[in-house]
Amino acid sequence: MSELASEAMESEFGTVAGWTEEAVLALGPEHAVPAGCRGSGSEGTLRWLADALAVRPGDRVLDSGAGVGGPAGWLAGERGVRPVCAEPMVPAVHASRTLFGLPSVVALSQGLPFADDVFDAAWCLGVLCTTEDKAALVGELRRVLVDGGRLGLLVFVADSPLPPPLPEGNSFPSSEEVDRLLAEAGFRVTGTADANLADSPDEWKARADAVDAEVERRHGGDPAWAEAEEQSGRVGRLLGSGALRPRLIAAVTT
């Protein structure tokens, strides 16, 4: 099951997720959160969202599009919650269960297998651009949140045409589109900020780099590795040039 629109994205979020689990198990558990957060948020990004959502022990929290579980694992350790992860890529779900011991289900963000009104808070990091069905994704997040529930987003927005080469399979929304989607789904924005995706501690960056190096050592000759590197490199270049903007949003259900 996948919501991803290209083979390159399958490599980046599926195949490499399994290799990341393998590398973390070889290097040690202290590498799990830094490696698991690469591409889906820095330490400062996660802290801003956790503070904006006022996550506290006892909250029922969803990470939708959780990847290998790095952000959810960070949240569990920092805020004393046990998030539920939903992620369409089977290798990533396996990794989140193995590396963080989190309850994780294979599910599309726009088709969550949960009842209505079951979560106090949710976040969805870097996922909105991976599907054309954005309204369904935001609507599902609203459906599973209680009245007064809190939502955190990291969204890569493009407010003008992007220069090529573009990452395959992505559909980057504008800031105006994101605001409209949230309002139409029944959310009120309570805070926004531009994310600094390079603000993690040096030790965090070193551990993530070590995992990348171990994955490349083991699988660097595999075409899937080259595909994933090209895909993430294209996103990185757009972010570095300012053509893409990493936007943080906190919202509450209305």
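This is a predicted model: local features need pLDDT of at least 70, side-chain atom pairs count only at pLDDT 80 or more; totals for chains, interfaces and linings use all residues.
In what order do the seven strands of the open sheet stand? The order is S3-S2-S1-S4-S5-S7-S6, with mixed pairing.

View 1. Neighbouring strands are turned by 20° against each other on average, direction ignored. Strands (E, at least two residues) and helices (H or I, at least four) are DSSP runs numbered from the N terminus; two strands pair if DSSP finds at least two bridges between them.

**View 2. Pairing of S5 with S7.** Strands S5 (residues 145-157) and S7 (residues 245-253) run antiparallel and are joined by eight bridges. Arginine 245 in S7 is the bridge partner of valine 157.

**View 3. Helices H3 and H7 across the strands.** Helix H3 (residues 43-52) lies across S4 (119-125), S5, S6 and S7, at about 15° to S7. Helix H7 (residues 175-185) lies across S5, S6 and S7, also running at about 15° to S7. Axes are lines fitted to C-alpha atoms, for helices over the stretch in contact (heavy atoms within 4.5 Å); angles run from 0 to 180 degrees between N-to-C directions.

**View 4. Threonine 20 in helix H1 (residues 7-27).** Beyond neighbours within four places in sequence, threonine 20 contacts Ala35, Val211 and Val215.

Residues are numbered from 1 along each chain as its sequence is written. Local features need pLDDT (the predictor's confidence in each residue, from 0 to 100) of at least 70, side-chain atom pairs count only at pLDDT 80 or more, totals for chains, interfaces and linings use all residues, and side-chain values use heavy atoms, leaving out hydrogens and water.
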